[in-house]
Amino acid sequence: MIAISSTGNTESALSDPRFGRCEYFALYEPKTETYTFIENKAQSASGGAGIAASQQIIDLGAEVVLTGNLGPNAYNVLKGAGIRAFRTSAVLVSEAVELYKAGRLSPLDEAGDAHAGMRKGFRGGFENK
Amino acid sequence: MKLCILSGKGGTGKTTLAVNLAYTLNCAYYDCDVEEPNGFIFLNPMAVSAEETLVDYPCVDYSLCTLCKDCVTACQFNALAATKKEILLFKELCHGCHACSLACSEGAITFAKRAVGVVEKGRSNGIFAARGVLNIGEPMAVPVIKHLLKQLKSSEDAILDCAPGTSCNAVTTLRHADAALIVTEPTVFGLNDMEIAVELLNHVGLPFAALVNKSRGEDSLITEYCGKNGINLLGVIPFSKEAAIAYSKGKLLLELPEYKLAFEALSKQLKEAFAWN
């Protein structure tokens, strides 16, 4: 199963470049080619959102994460659980899945900055790299 | 009497006021702004002793742990995560509350200690001076503030130099105070953050008064607000280039005669306002 950080609960929603504080996780099951959507329980955590979001991903049984950026804590939890992460830009959820299936997403093999999604949102909006 | 000096907004002159008041009132000084404790720059205390602030963090005994995740669920600070192999701990997020061990039915969690800061104590020209210093990279200041304020003696008069803002750091300090003095500046930002500080003080129910620092003679923003809300505005500390120069060299404003007079007057007003003797 593939988990995609998402701004909405449909496959035509934009993927969310933030991991820990995205609104929804889109869950894509390759065998049936179907989506389910669940709220990210960590989105309004006062701290440790990346860790809690990662725990949710582990508990859901996802093997792959598609997102814009992983902070050091989230990176370490997912890595410890053997979940692979790939970087998406701000494309639709369905497009992110297609790009992943085509092998066109690069692995997130190092942690990005902590609180990257807060840099412009909390203090001015997310900046795509 | 334990008087807390707070501001809401940073940079209004809490430390400047606090160190000069501590000398004028001849009472103890506690620098509770442990993220950036600057009071000692002005007080230069001698014979400083230091004691580390230690906090608990959980250790998992994997011969007992069943990876049931009850500890992860219990943690309100997301400091724990569970994979199929192990429990991961993020020490900086742990508040040392022990909820994880209470939740663990296997008794698999014990605690170890780590240092997050240091409390320093010394004497400066006859007054007791203490401060907390949070270690670089540590996000949580409250354990250091609590450790610092454990040193407070019930009989002593003390100035508590508070952290800016109205977060846990300020609240923790206020819990040890009998009264508070808000130091503000005559700017829109100063007023905005003062209003938040007033809300906090009303919430915790502490008596308080206010003071305008760095005045250039146009203080109507603050005086009107205080008048409307029945806040005791004790007075005004004027801005001057001489004061700024003295401050930049780490000197006390008391070295300037007109400021010495102002602080003596302020001390008197404080004692009257809070029935302090």
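**Notebook: strands, domains and a chain contact**

I started in chain A, where A:Ser5 stands opposite A:Phe25 in β2(A). I noted that this is a predicted model, in which local features need pLDDT of at least 70, side-chain atom pairs count only at pLDDT 80 or more, and totals for chains, interfaces and linings use all residues. Residues are numbered from 1 along each chain as its sequence is written, and chains are lettered from A and ligands numbered from 1 in the order in which they are written.

**Chain A sheet.** I found five bridges between β1 (residues 2–6) and β2 (residues 24–29) of chain A, and the two run antiparallel. Strands here are DSSP runs of E, at least two residues long, and helices are runs of H or I, at least four, numbered from the N terminus. Two strands count as paired if DSSP finds at least two bridges between them.

I then traced the open sheet of five strands in chain A, ordered β3-β2-β1-β4-β5 with mixed pairing. From one strand to the next, the twist averages 25°. Helix α3 (residues 93–101) of chain A packs on this sheet and touches β1, β2, β4 (64–67) and β5 of chain A; its direction makes about 140° with that of β1(A). Angles run from 0 to 180 degrees between N-to-C directions, with axes as lines fitted to C-alpha atoms, for helices over the stretch in contact.

**Chain B strands.** I looked at β6 (residues 109–124) of chain B next. It is joined by 13 bridges to β3 (residues 46–60) of chain B, antiparallel, and B:Val60 stands opposite B:Ile109. Eight bridges join β6(B) to β7 (residues 127–134) of chain B, also running antiparallel. B:Arg123 has B:Phe128 in β7(B) as its bridge partner. Two residues lie between the strands of this hairpin, and B:Asn125 takes a positive phi near 45°.

**Chain B domains.** I checked the domain assignment (bounds are automatic or from a database): domain 1 of chain B is 2–53 + 116–273, and domain 2 is 62–107. Their centres, over C-alpha atoms, are 39 Å apart.

**Between the chains.** I counted contacts (C-beta atoms, placed from the backbone, within 7 Å): twelve residues of chain B meet 13 of chain A. The chain B side has eight nonpolar, two polar and two charged residues. Nonpolar means Ala, Val, Leu, Ile, Met, Phe, Trp, Tyr, Cys and Pro; charged means Asp, Glu, Lys and Arg; the others, Gly among them, are polar. For the complex, the predictor gives an ipTM of 0.81 and a pTM of 0.83.

Technical notes. Contact = placed C-beta atoms within 7 Å.
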